[in-house]
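Me: I have a model open here and want to go through it with you. Can we take it piece by piece?

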Amino acid sequence: IYRCQTEDEDIYPISWFQGDRKILAVHVQNKKVIRLGFVPSQGGPFDSIYELSAPKGINLRVNANGVIGPDLSPDGKYLVFHELKEGFKNLYVMDIESKGIKVLLDSRDNKKNPRWSPDGKHIAFVSDRSKPENIWAVAIGEKGNAVGQPFLLKTGQQPSLLDWTAQGICYSEWIQMVDIYTMPVDTQTGKPTGKPQQLDFYPTGRNSFPIWSPDGKHLAFSSNLQGIPGDLFVVIFPISGGESRNFKVPNSKVGGTNPPSMLDLHWLPDGSGISYSATEKVDPSISSEEVVNRKLYVLNLDTEAWQSYELKLENTSSSTAWRDDGQGFYYARNSWEPVELETGIVEHNLKTGQERYIYYPNIKEKQGFPSMRCSRDFTKIATHLFREKKLCVIDIHTGEKIQDFNFFGFPSPPAWSPD
């Protein structure tokens with residue numbers, strides 16, 4: 001029907017224009033010029049009805065839908081499309097006969113993927129007017145103008161409108177699923193001896209960061225059990241079967257991901273409890289400024305009570321690990337921003353409150369230790385040196401660096417082998 005003649009030319013079909021058997025299409029030329037128009041169904045030249053320049057930094061080789069997303073009205077009289085102008089996407093309606101264009105909705109929220117309803121009485125679209133993006137619709141008059149205010153059709157996660165059907169709206173959306181798997185391995189070689197098996201825990205899709213108990217009989221992991229933002233639980237899961245125990249954490253400000261990240265989840269050395277560190281906002285009645293402190297939260301599994309310890313930090317990020325006797329812990333002093341306290345890994349004695357550096361890199365550049373974990377015999381700590389992109393092993397007693405390894409990507413918590 002239509003053949004692109006050069007490598008710098010692309011064409012994307014949109015929909016049929018039933019009256020004259022034409023196909024609505026988007027034509028891209030030289031990666032710069034975008035044209036809306038028609039191609040005869042029997043073949044022939046592209047007939048442009050609207051043209052615009054591509055914004056800088058937009059990859060038009062994928063498709064032009066990020067810049068312009070058109071759709072025809074059922075009667076073929078009007079064309080609705082979104083266009084990126086002045087930093088945000090708005091919706092426009094074109095009278096195909098006169099080529100006249102008007103703004104459909106004059107508001108400074110991003111609107112995209114407009115779709116006419118089969119009866120031509122509504123246009124559905126995706127908008128971020130209520131965070132995050134959701135599917136909205138607006139009633140349409142006889143001349144293609146909006147009637148009344150838009151109304152919410154469907155909330156979702158990054159929805160993308162596909163089309164209307166006889167039964168309703170058809171759309172797709174991104175859903176993040178995070179679950180825990182176990183896999184048998186050969187303890188001598190470290191190689192798998194079987195296939196990964198998903199943990200038999202419900203609800204699925206919102207569970208992350210598992211850690212084995214010291215005796216290997218339980219897994220502790222974080223879970224967004226109810227799917228409510230800010231509601232974070234720690235689950236104690238028995239591997240041999242039985243009921244799991246769920247504990248709501250006292251402070252859910254743990255990370256920005258969904259489910260929130262608990263890179264700093266640990267068992268106490270004797271298996272009597274679990275801990276994690278997180279930031280905590282100061283009561284507004286105490287300070288008018290927005291102040292946050294970082295604390296270590298410890299759950300006693302016998303009493304089911306949480307206890308917290310304040311970390312002496314001048315910034316809000318840290319990672320922790322327990323001392324062998326459970327009467328002290330190690331934590332990181334990161335220098336993401338200028339601080340008076342020296343960057344390093346510090347030991348805190350719970351009984352006396354005394355502190356000492358066990359690792360002191362002696363550098364002035366910004367440094368951080370995103371996660372760390374003690375070896376099973378509590379003689380070494382494995383930690384990430386964020387600036388050097390190294391996984392480093394440190395002797396706890398001497399403070400000497402034993403070995404380091406390059407790492408790539410996100411610094412997940414290290415895990416020591418049983419030996």
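Reply: What follows covers a sheet, the cores, salt bridges and cavities.
Reply: The model is predicted, so local features need pLDDT of at least 70 and side-chain atom pairs count only at pLDDT 80 or more, while totals for chains, interfaces and linings use all residues. Residues are numbered from 1 along each chain as its sequence is written, and side-chain values use heavy atoms, with hydrogens and water left out.

Me: What is the strand order in the open sheet of four strands?
Reply: The order is β5-β6-β7-β8, with antiparallel pairing. Strands here are DSSP runs of E with at least two residues, numbered from the N terminus, and two strands pair if DSSP finds at least two bridges between them.

Me: Which are the edge strands?
Reply: β5 (71-72) and β8 (101-103), each of which pairs on one side only.

Me: And how many bridges join β7 and β8?
Reply: Three, in the antiparallel sense, with β7 covering residues 88-95. Methionine 94 has isoleucine 101 in β8 as its bridge partner.

Me: New topic. Which residues have the most contacts inside the largest nonpolar core?
Reply: Leu36, Ile68, Leu79 and Phe81, in a core of 19 residues. A nonpolar core is a set of buried Ala, Val, Leu, Ile, Met, Phe, Trp, Tyr and Cys residues joined through side-chain atoms within 4.5 Å. Buried means under 20% relative accessible area, exposed over 50%, and partly exposed in between, with a 1.4 Å probe and protein chains only.

Me: Which strands each supply at least two residues of this core?
Reply: β1 (9-17), β2 (22-29), β3 (33-40), β4 (47-53), β6 (78-85) and β7.

Me: What is isoleucine 68 in contact with?
Reply: Leaving aside neighbours within four places in sequence, isoleucine 68 is in contact (heavy atoms within 4.5 Å) with Val26, Ile34, Leu36, Tyr50, Leu52, Phe81 and His82. Another core, of 16 residues, lies apart from the largest one; Ile211, Trp267, Ile274 and Tyr297 are among its members.

Me: On to charges. How many salt bridges does the structure hold?
Reply: The structure holds 10. A salt bridge is a side-chain nitrogen of Lys or Arg within 4 Å of a carboxyl oxygen of Asp or Glu.

Me: What does arginine 245 pair with?
Reply: Glutamate 304, with the closest N and O atoms 3.1 Å apart. Arginine 245 is in strand β20 (residues 245-248) and glutamate 304 is in the loop between β23 (292-300) and β24 (305-310), so the pair ties together parts 59 residues apart in sequence.

Me: Is arginine 245 buried or partly exposed?
Reply: Partly exposed, at 32% relative accessibility. Glutamate 304 is also partly exposed, at 48%.

Me: What about arginine 333, which residue is the partner there?
Reply: Glutamate 355, with N and O atoms 2.8 Å apart at the closest. Arginine 333 lies in β26 (residues 328-333) and glutamate 355 in β28 (residues 355-359), so this pair links parts that are 22 residues apart in sequence. Arginine 333 is buried at 9%, whereas glutamate 355 is partly exposed at 28%.

Me: Which residues are joined into one network?
Reply: Arg323, Asp325, Glu347 and Arg356, through salt bridges that share partners. Within it, aspartate 325 and arginine 323 meet at 3.0 Å, N to O. Arginine 323 is buried at 13%, and aspartate 325 is partly exposed at 41%.

Me: Last thing. Which residues line the second largest cavity?
Reply: Asp179, Ile180, Gln198, Leu199, Phe201, Asn207 and Phe221. A cavity is a set of points on a 1 Å grid over the protein atoms alone where a 1.4 Å probe fits but cannot get out, and lining residues have an atom within 4 Å of a point.

Technical notes:
On a 1 Å grid over the protein atoms alone, a cavity is a set of points where a 1.4 Å probe fits but cannot get out, and a pocket is an open set with protein on both sides within 12 Å along at least five of seven lines; lining residues have an atom within 4 Å of a point.
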